[in-house]
Amino acid sequence: MPFEALDPRDAGRLDALAAAAALGAAPGPNPDACGSVRGRVDSGNVPLLLNEVRHALERLLANGTTHAIDVRAIPLGPGEEERLLEALGRGELHAEFESLGRSEVQECAYPGVWCITHYNEAGHVAGRYVEVTFTPALLASPAEDVRTGLERLAAELAA
Amino acid sequence: MLIDPKATVADMLRARGISRRGFMKFCATTASLMALAPSMTPKVAQALEKARRTSVIWLPFQECTGCKEALTRAGGPTLENLIFDAISLDYSETLMAAAGHQAEEAMKNAMRDNWGNYLLLVDGSLPVQVPEYSCIGGVSNLDLLKEVAAGAKAVVAVGTCSAFGGLPAANPNPTGARPISDVIKDKPIVNVSGCPPMPIAITSVLVHYLTFGTLPELDHLNRPKSFFGQTIHDRCYRRPFYERGQFAETFDDEGAKAGWCLYKVGCKGPTTYNGCATYKWNLGASWPVESGHGCLGCSEPNFWDWQGFYRPLSTTQWGGYAQIGTAAAAGAAVGAVAALAARRKQRPVGQDVQEETK
């Protein structure tokens with residue numbers, strides 16, 4: 001079929017054609033019919049994710065199993081990621097570190113639930129995760145870094 | 001700083017002063033990039049401890065440079081991260097500082113030093129019918145591709161042009177443009193289609209090869225399943241409106257303003273395999289449907305010619321609404337005539353019995 005470039009303003013013409021061919025245009029839209037609010041669309045994934053967190057907390061308490069959700073791998077509508085973070089809330093502990101850009105570890109309002117955000121060197125979000133664990137691994141000092149630090153300290157003291 | 005060709009990715013990051021914690025951050029975002037679960041981060045770390053930087057040669061053919069523009073907007077890792085830490089981009093006319101003979105020498109050296117192991121990335125289609133339409137330094141794209149592909153481990157066709165022919169191959173295809181897979185038959189080919197492809201899809205293939213030494217699992221069109229395994233429709237946040245039959249009828253009506261399904265204004269989401277609905281564009285800022293425009297189907301073959309961008313999927317196979325209406329009316333008329341003819345041949349009930357008993 002040859003390519004036909006339709007002017008998007010002609011989209012309304014399709015309605016007229018549909019009516020003429022007696023296919024019947026759908027009744028005019030009523031945005032309030034299903035309770036949707038203009039500008040807010042709900043994929044339904046936020047409550048699902050919160051329930052996933054709830055189940056993960058139950059397993060964490062039962063047998064210490066940790067869980068992580070890659071928030072950026074979930075299809076969310078406009079504003080839903082913000083609503084998810086709002087629902088998780090902020091807890092007592094906030095930590096940041098700088099390596100290949102800034103990273104934030106924020107305990108949520110529900111202890112054991114952590115929101116970890118990695119930024120790249122340009123300050124854009126490179127990854128966002130919700131972890132369910134007693135302590136995120138990122139907060140612990142890795143043995144390799146401890147060894148490197150010890151060598152530096154030893155050198156400082158010897159100088 | 002001269003880079004040790006035997007240095008692993010972990011070595012490169014350490015040399016830049018990145019701590020182990022920073023390396024684990026790199027591994028976490030790398031796992032995301034490959035659409036792996038966060039729990040795979042330690043395995044990615046293990047692999048990157050041993051992974052050496054991969055030599056990459058990028059050849060541009062009949063293309064608009066949009067695919068490279070997309071890659072320069074990659075966020076995690078950024079293109080800079082990739083180039084400095086993960087890959088050795090040994091030839092890319094758009095991005096490299098060298099030009100002319102110096103650039104060609106860089107490519108020849110990379111090919112010689114990494115024969116059999118470099119990745120060849122290609123964007124743009126091939127003017128097979130008239131090779132002279134696209135040449136670099138007097139050498140046709142066709143000849144250059146064959147020469148460089150001979151020593152490649154694999155070929156990554158970046159963008160719909162190199163994967164399927166794209167815009168140059170659209171009707172009437174004056175240059176006889178063809179995809180890479182029509183010419184290269186003896187190397188594995190990964191098609192990262194899209195016009196342009198999502199940056200994360202491009203970097204994902206590179207990182208997968210870097211991390212595991214293999215190509216990702218591919219679909220029937222040789223596209224990575226991690227990004228092309230589901231349709232836009234499968235993951236679209238407007239799907240609930242589709243299910244409820246709530247559609248925007250025009251781009252500025254109340255349904256459009258309320259964010260309803262864009263099927264009726266031509267969205268090709270149901271037949272398009274891509275990851276835009278999940279990973280979005282511009283570092284997660286938005287994507288076409290979220291911005292109010294239907295999916296064009298740009299990661300599918302022949303999307304330029306296949307159907308009008310603003311015709312609903314249900315009408316495009318059979319023509320416009322008027323044609324459907326005419327066809328329906330014609331079909332009804334034929335059916336009516338056939339029924340009348342059959343009716344005339346029927347005998348009244350009981351007539352058969354009366355005749356038999358005479």
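1. Is R178(B) buried, partly exposed or exposed? In this predicted model, R178(B) has a relative accessible area of 38% and is therefore partly exposed. Its side chain forms a salt bridge with that of D182(B), at 2.6 Å from N to O. D182(B) is likewise partly exposed, at 34% relative accessibility.

2. Salt bridges with shared partners also build a network made up of E144(A), D11(B), R14(B), R20(B) and E49(B). Over all chains, 23 salt bridges are counted.

3. K68(B) and D123(B) form a salt bridge through their side chains, with an N to O distance of 3.1 Å. This pair connects distant parts of the chain: K68(B) belongs to helix α4 (residues 66–71) of chain B and D123(B) to strand β3 (residues 118–123) of chain B, 55 residues apart. K68(B) is buried, with 2% relative accessible area, and D123(B) is buried at 0%.

4. A salt bridge of 2.8 Å (N to O) joins the side chains of E147(B) and K108(B). The residues lie 39 apart in the chain, E147(B) in helix α7 (residues 141–149) and K108(B) in helix α6 (residues 100–113), both of chain B. E147(B) is partly exposed at 34%, as is K108(B) at 40%.

5. Chain A contains an open, antiparallel sheet of five strands, ordered β1-β5-β4-β3-β2. Strands β1 (67–70) and β2 (94–98) of chain A are at the edges with a single partner strand each, so one side of each lacks a neighbour in the sheet. From one strand to the next, the twist averages 15°.

6. Within this sheet, β3 (residues 102–107) and β4 (residues 113–119) of chain A run antiparallel and are joined by five bridges. Q106(A) has C115(A), in β4(A), as its bridge partner. Helix α2 (residues 45–63) of chain A packs on the sheet and touches β1, β4 and β5 (125–132) of chain A; the direction of the helix makes about 160° with that of β1(A).

Key:
Residues numbered from 1 in each chain as written. Chains lettered and ligands numbered in written order. Predicted model: local features only at pLDDT ≥ 70, side-chain atom pairs only at ≥ 80, totals over all residues. Heavy atoms only, no water. Pairing = 2+ DSSP bridges. Helix = DSSP H or I, 4+ residues; strand = E, 2+ residues; numbered from the N terminus. Axes fitted to C-alpha atoms, helices over the stretch in contact; angles between N-to-C directions. Contact = heavy atoms within 4.5 Å. Salt bridge = Lys/Arg side-chain N within 4 Å of Asp/Glu carboxyl O. Buried < 20%, exposed > 50% of the residue type's maximum accessible area, 1.4 Å probe, protein only.
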